[in-house]
Every structure is written in C-alpha cells, then in structure tokens.
Amino acid sequence: MQLVFATNNLNKLKEVQAIIPQHIKLLSLKDIACTEDIPETQATIKGNAIQKAEYLKEHYGYDCFADDTGLEVEALNGEPGVYSARYAGPQRNAEDNTNKLLTELKNKANRKAQFKTVIALHLNGELHTFTGICEGSITADKQGDGGFGYDPIFKAEGYDKTFAEISLEEKNKIGHRGKAVAELVDFLKSK
Ligand code: IMP
C-alpha cells in the first residue's frame, strides 16, 4: 500500500514513519512534487485536516492522509488551538510562539493544556478521521533541545520532563500524534 502523508515537516514525517507498518510505503509531499502551500483555512483542527487531505486527493489523485495539531490551553479558553502555528504572527516561528504563550501565562496558576491531533485519511474514495489527545501542562520556562514547536514548554501528565527532553519513542507512545497514528494504523490493518 502506498500513502502520501501531507506534510513538509520532517520531524512529523520521522515520528510517523517510526510507527507505520513496514508494508505501507509512505510518500512525502516532496516525493509527489507538491511544492505549493496546501490551504488550511478552516476554523477547527479537524476541519483543517480534512481540507488538506481533500485538496491533495483532488489535485494529485493520491490516497493520502493529513494531520493538523493544536495546543489547547485551559486558562486561555482553548487558545492557541487551531491557530497554534500562527500564534505569534504569520512568520509561523516556534520560538516566537512559545515565548508568546509563556508571556500570556505569566502569573497564571492554571497551567493545564492538551495537544490535539486530528488525522484525516482519504482512502478508496472514503474519508475517515482519527483523533489523539495528550493532556499535560505548560512549564514556567523552556526545557530541553529535542522535538519541535511547543515541545520545550509542554509536559505530559505524570511526566517531570518536557517533550523536548524525552526520546522520540517515548513521545510517540504517549503523545497526541502517536495516539492518532495508532488509530490510523489499526484502521489500515483492518482493511
Ligand atoms: P500543524 O499541525 O503543523 O499545523 O501544527 C500547528 C502548530 O503546532 C505548529 O506551531 C507546530 O509547531 C505545533 N505542533 C504540532 N505538533 C507538535 C508537537 O508534537 N509538539 C509541539 N508542537 C507541535
């Protein structure tokens, strides 16, 4: 089986490649010469995942899946959520985003947050979605150099290390994308 993963993010590709069964050949956007920005203009994480998968199927014809992730912070009424990538502005800079979030949460006692990933799969003309959630909290400062995005300021519940301080294997086991991909893999195995 051959599936396109609609991402240009090499970190995500690495994470998903580590979990997906060997008999499924994963193609990246680069592999199918898709260089344009895929639109993600919906108001929800799920809406964006579906929009990306449908765009790819319509314009390139491949069976594919797309993911969209957001960090939902309780004290900020679920923000940045669907706007996580552009939280500090259109430059989509991870350093700026994490700094902004730490500033917004300064002196706030409630540090609860969750990562949510929705994967939309376009397979044999049908659309399926899978969701993975990882509950945790936002740290007071950045910790660790691994991972990407908001990883240095997020600790999963029950962990005293941030996502930037744990291994990729560990993050995949407990993380939002790992859980959503596990659901996707279960579904693909049942086909
Ligand atoms: P997207 O799913 O690529 O649109 O990601 C939205 C935003 O969430 C971006 O700023 C990413 O850097 C961030 N993000 C997505 N997944 C993760 C993760 O696993 N850890 C930390 N940040 C993430």
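How far does a polar side-chain atom of arginine 177 lie from an oxygen atom of the ligand? Some notes on that and the rest.

1. This is a predicted model, where local features need pLDDT of at least 70, side-chain atom pairs count only at pLDDT 80 or more, and totals for chains, interfaces and linings use all residues. Numbering runs from 1 along each chain as its sequence is written, and side-chain values use heavy atoms, with hydrogens and water left out.

2. To the opening question: the arginine 177 atom sits 2.7 Å from the ligand oxygen. That's a polar contact, meaning a pair of N or O atoms within 3.5 Å. The protein covers 89% of the 480 Å² of accessible area that the ligand has on its own (Shrake-Rupley, 1.4 Å probe).

3. In total 14 residues surround the ligand, with Lys12, Thr69, Asp151, Lys171 and Arg177 the closest (a heavy atom within 4 Å counts).

4. On the aromatic side, the structure has five aromatic pairs (ring centres within 6.5 Å; planes under 30 degrees apart are stacked, over 60 edge-to-face, the rest tilted). Phenylalanine 154 and phenylalanine 163 make a tilted pair, 5.1 Å centre to centre with 55° between the planes.

5. Lastly, lysine 100 lies over the face of tyrosine 87, 4.4 Å from the ring centre (for Lys, NZ within 6 Å of the centre and within 35 degrees of the ring normal).

Note on methods
Phe/Tyr/Trp six-rings, centres within 6.5 Å; stacked < 30°, edge-to-face > 60°. Polar contact = N/O pair within 3.5 Å; in protein donor to acceptor, adjacent residues only side chain to side chain.
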